[in-house]
Amino acid sequence: MLDSIFIGMSGLQGYSRGLKVIANNTANMNTPGFKSSSLQFSDMFYSGSATNGSATNFGQIGHGLNTNGTSLNFKQGDLRQTGNPLDLAMDGDGLFTLKDSSGKLFYTKAGQFEFNSDGVLVNRADGSKVMGRDSNGQLTELSVKGARSNPAKATSSIKFIGNLSSTASNQSVGSVKVI
């Protein structure tokens with residue numbers, strides 16, 4: 001009698017763990033870079049014998065349900081526009097390599113980046129540095145520090161150069177878009 005109660009309880013516990021995994025997947029479905037997981041189930045057996053009337057069966061006897069753990073789904077997710085020009089996504093296999101302030105490397109699918117005040121590409125969430133490979137194949141931080149760039153500014157004047165027809169009363173210039 002107690003064995004059958006234990007078998008039923010192990011099934012309910014497995015069902016409860018499965019609902020927790022589903023709840024986590026649902027709660028994080030809009031989190032950038034989130035990878036869903038699934039729970040792995042297995043049968044619990046123990047060796048022994050069972051008596052069925054006058055015959056004895058030796059071997060494995062069912063003892064309930066077991067949950068082995070979760071496995072992450074690393075399949076390609078949806079690519080979405082965010083409006084931030086520095087938000088990146090991996091198309092296919094791959095992970096971004098990040099380095100935190102203590103020097104520890106970790107990997108992520110979330111690609112919400114920005115440049116910090118030093119010109120280093122960092123993760124917007126925690127400020128960890130985005131790493132890439134240099135020409136020697138070594139991991140290095142991605143930086144625009146020292147790169148020559150001109151800040152944007154509005155155009156103040158336009159100069160057209162060319163010959164005008166002496167016989168035409170009107171002149172037009174094509175392919176010029178003024179905003």
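In which sense do β7 and strand β8 pair, and over how many bridges?

Author: This is a predicted model, in which local features need pLDDT of at least 70 and side-chain atom pairs count only at pLDDT 80 or more, while totals for chains, interfaces and linings use all residues. Residues are numbered from 1 along each chain as its sequence is written, and side-chain values use heavy atoms, with hydrogens and water left out.

β7 and strand β8 (residues 139-141) pair in the antiparallel sense over 3 bridges, where strands are DSSP runs of E with at least two residues, numbered from the N terminus, and two strands pair if DSSP finds at least two bridges between them. Within this pairing, glycine 132 has threonine 140 in β8 as its bridge partner. The two strands form a hairpin with 5 residues between them, and glycine 137 in the turn has a positive phi of about 85°.

Aspartate 134 also belongs to the loop between β7 and β8, and its side chain reaches the backbone nitrogen of glutamine 138 at 2.8 Å. Aspartate 134 is partly exposed, with a relative accessible area of 32%; with a 1.4 Å probe and protein chains only, buried means under 20%, exposed over 50%, and partly exposed in between.

β7 (residues 129-133) has a further antiparallel partner in strand β3 (residues 96-99), again over 3 bridges, and there threonine 97 stands opposite methionine 131 of β7. Phenylalanine 96, with 9% relative accessibility, counts as buried.

Conventions. Helices (H or I, at least four residues) and strands (E, at least two) are DSSP runs, numbered from the N terminus. A polar contact is a pair of N or O atoms within 3.5 Å; within protein, one must be able to donate a hydrogen and the other to accept it, and residues adjacent in sequence count only if both atoms are side-chain atoms.
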